[in-house]
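Please look over the structure shown below before turning to the briefing that follows.

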Amino acid sequence: MANRHLARSIAMQSLYEWDFWGKDENKLKEAVAKNTAEFGPGMDGADFIQRLVKGVAENYPKLDKIIEKSAPEWPLEQITITDRNILRLGLYELLLGDRREVPPKVAINEAIELAKSFSGESSGKFVNGVLGTVYREIGEPQKDE
């Protein structure tokens with residue numbers, strides 16, 4: 001598994017725990033440390049995990065509003081914790097991350113892969129639909145690259 005993909009997996013699992021435990025910042029730090037030690041000991045992407053987790057945690061109210069707008073038929077509390085955090089992570093990378101580091105299509109594809117690996121059968125399509133909608137609404141940056 002590539003380092004960046006593994007880092008995203010660890011970030012998503014940590015965000016899941018953070019969300020489950022009521023978005024407690026201390027629980028998030030514990031989850032990141034525990035998940036990094038368990039699933040990525042000695043990996044190079046620890047700083048990438050930290051940036052992703054911190055970015056999502058700091059911006060989750062804004063990210064949640066985008067999810068609600070992009071999937072109006074799915075109230076946020078009805079979206080599974082896994083899918084909700086995959087969407088937050090994907091939206092963070094798509095909208096607030098460094099596009100030179102992670103192009104928009106990579107952010108979307110990585111989120112879809114996380115959904116396929118960690119969530120239900122239709123989650124990949126759901127994540128693709130939400131992130132694809134947002135991508136089109138922001139004008140499809142870097143579409144031809």
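How many aromatic pairs does the structure hold? The structure holds four aromatic pairs, where rings of Phe, Tyr and Trp (its six-membered ring) pair if their centres lie within 6.5 Å, and planes under 30 degrees apart count as stacked, over 60 as edge-to-face and the rest as tilted. This is a predicted model, in which local features need pLDDT of at least 70 and side-chain atom pairs count only at pLDDT 80 or more, while totals for chains, interfaces and linings use all residues. Residues are numbered from 1 along each chain as its sequence is written, and side-chain values use heavy atoms, with hydrogens and water left out.

**Aromatic rings**
- The ring centres of Trp-18 and Tyr-60 are 5.2 Å apart and their planes stand at 80 degrees, so this pair is edge-to-face.
- The pair links distant parts of the chain, since Trp-18 belongs to helix H1 (residues 3-20) and Tyr-60 to helix H3, 42 residues apart; helices here are DSSP runs (H or I, at least four residues), numbered from the N terminus.
- Trp-18 is buried, with a relative accessible area of 2%, whereas Tyr-60 is partly exposed at 25% (buried means under 20%, exposed over 50%, partly exposed in between, with a 1.4 Å probe and protein chains only).
- Tyr-16, Phe-20 and Trp-21 form one aromatic cluster.

**Charges over rings**
- Arg-4 lies over the face of Phe-48, at 4.0 Å from the ring centre, and Lys-27 lies over the face of Trp-21, at 5.2 Å from the ring centre (NZ of Lys or CZ of Arg must be within 6 Å of the ring centre and within 35 degrees of the ring normal).

Conventions:
Helices (H or I, at least four residues) and strands (E, at least two) are DSSP runs, numbered from the N terminus.
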